[in-house]
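Let's take a friendly walk through a protein chain, from its overall build down to a few side chains. Have a look at the picture first, and then read on.

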Amino acid sequence: MKISTKGRYGMRLMVELGLAYEGKPVSLRDIAKRQEISEKYLEQIVTRLGKAGLVKSTRGAQGGYRLEREPSQITVGDILRVTEGSLTPVACLDDDECPRRERCATYSVWSRVQEAVTKVVDQITLQELVDDYRRKNEEFSPV
């Protein structure tokens, strides 16, 4: 399974918002510059995240984006499902009416892969990513 740029950039966007959770809203322009991502592309991603209730926007001179919930209440799975859609490795897992399901030799493989991925992404919180980012970048932070 490959995660697209929407998923990867969505994660980076959410880490940025997680870093600023206690502060003022963050502009997409600032995030785009720091992350070296197109602001237009981030607009598409943040719109999806907003519709899903993960991000909210504030208009005006001091406006920008912020998380709708605490970073500890948002999982990697929440973000990836919004940006990527289904996390199933094969389409037949999404199809409850697959006529081959009962006799398919590979169905159990794909099912186990999906269970493993789901378990991992639903256990990692955005707060863990924020903490990891801070730990890895503390040498670059101004004193």
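Of the 143 residues in this chain, 30% count as buried. Keep in mind as you read that the model is predicted. Along its principal axes, the C-alpha trace spans about 60 × 30 × 25 Å.

What does the secondary structure of the chain come to? It comes to six helices and two strands.

**A pair of rings**

The structure holds one aromatic pair. Its partners are tyrosine 9 and tyrosine 41, with ring centres 5.7 Å apart and planes at 80°, so the pair is edge-to-face; an angle over 60 degrees is what that name requires. This pair links distant parts of the chain: tyrosine 9 sits in helix α1 (residues 5-19) and tyrosine 41 in helix α3 (residues 39-51), 32 residues apart.

Is tyrosine 9 buried or exposed? Tyrosine 9 is buried, because its relative accessible area is 19% and the cut-off for buried is under 20%.

**Another residue of helix α3**

Helix α3 is also the place of arginine 48. The C-alpha atoms of arginine 48 and isoleucine 79 are separated by 9.8 Å, and these two residues are 31 residues apart along the chain.

Val109, Trp110 and Val113 together make a nonpolar surface patch of about 220 Å². One of them, valine 113, is found in helix α5.

Which residues form the negative surface patch? They are Asp94, Asp95, Asp96 and Glu97. Aspartate 94 lies in a loop, the one between α4 (76-84) and α5 (107-123).

**Comparing accessibility**

| Residue | Relative accessible area | Class |
|---|---|---|
| Tyrosine 9 | 19% | buried |
| Valine 113 | 33% | partly exposed |
| Arginine 48 | 35% | partly exposed |
| Aspartate 94 | 47% | partly exposed |

Why does aspartate 94 count as partly exposed? Its relative accessibility is 47%, and partly exposed covers the range between the buried limit of 20% and the exposed limit of 50%. Valine 113, at 33%, counts as partly exposed too, and so does arginine 48, at 35%.

Key. Residues numbered from 1 in each chain as written. Predicted model: local features only at pLDDT ≥ 70, side-chain atom pairs only at ≥ 80, totals over all residues. Heavy atoms only, no water. Patch = residues over 30% accessible without salt bridge, like charges linked within 9 Å, V, L, I, M, F, W, Y side chains within 5 Å. Areas by Shrake-Rupley, 256 points an atom, 1.4 Å probe, with all protein chains shown as cover. Salt bridge = Lys/Arg side-chain N within 4 Å of Asp/Glu carboxyl O. Lys, Arg positive; Asp, Glu negative; His and termini not counted. Charge placed at Lys NZ, Arg CZ, Asp CG, Glu CD. Helix = DSSP H or I, 4+ residues; strand = E, 2+ residues; numbered from the N terminus. Buried < 20%, exposed > 50% of the residue type's maximum accessible area, 1.4 Å probe, protein only. Phe/Tyr/Trp six-rings, centres within 6.5 Å; stacked < 30°, edge-to-face > 60°.
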